[in-house]
Amino acid sequence: MTTEDDIIGYTVAYDNEDITFPVYVVVTIAVALFAVATVYASPAVGLLALVPTAYAYYNLPLLEAGRPRIGSGEYGLFVEGLGLIGWRAIKSIENEVTEFRGTPSRELVVSLRQPIAESLLVDWRQRPYFRRPMRLPWSMKDQRVIRIPLDIMDKPPADIHGTLVRMWQFYRGG
């Protein structure tokens, strides 16, 4: 397994039902602003159109249906744009629920035994230049904790968490 396209095993992609609509709306707004800027020769409106264009470009991965974002196999847990983390390097996998303005948000929290550089079996952090400003399906505040939002994935959060925990326990040998 050398690239993200060679993934075999349990995979999870972005859910395309609810999250694509806002991206398409923003693209429509950007096109409309560029059209107005062109028709009226207004550089100010053209500059204003860059804001929704940048937002749409950042969120472009949400439109890529079926592409694995996270998953697991016999060697470990893979995360798009991060790499393949060996099962033995994982200390815990938890499903954390936080509330923001009354809306629950579920995240998969993966705690590592050592820093990320030592935990990766395959490092995919170097991405092509055109993909660097795009959304990643994870965040990391320190080198030992990875947070992955589950509400935007195509499978229920409890199923994702349960499957990953079962595979982690099986492949790490306990």
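Hi everyone, let me start with a working definition: a residue counts as buried here when its relative accessible area is under 20%. Please keep in mind that we are looking at a predicted model.

With that cut-off, take Ala56. Its relative accessible area is 10%, so Ala56 is buried. You will find Ala56 in helix α2, which covers residues 43–58. And which residues does Ala56 touch, leaving aside those up to four places away in sequence? The contacts are Val23, Val26 and Val27.

Four strands make up an open sheet with antiparallel pairing, and the order is β5-β6-β9-β8. Which strands stand at the edges? Those are β5, residues 90–100, and β8, residues 139–142; each has a single partner strand, so one side of each is left without a neighbour in the sheet. On average, neighbouring strands here are turned by 25 degrees against each other, ignoring direction.

Let's zoom in on one pair. Strand β6, residues 103–112, runs antiparallel to β9, residues 145–149, and five bridges join the two.

Finally, what lies across β5 and β6? That is helix α4, residues 157–171, which runs at about 165 degrees to β5.

Terms used:
Residues are numbered from 1 along each chain as its sequence is written. This is a predicted model: local features need pLDDT of at least 70, side-chain atom pairs count only at pLDDT 80 or more; totals for chains, interfaces and linings use all residues. Side-chain values use heavy atoms; hydrogens and water are left out. Buried means under 20% relative accessible area, exposed over 50%, partly exposed in between (1.4 Å probe, protein chains only). Contact means heavy atoms within 4.5 Å. Two strands pair if DSSP finds at least two bridges between them. Axes are lines fitted to C-alpha atoms, for helices over the stretch in contact, and angles run from 0 to 180 degrees between N-to-C directions.
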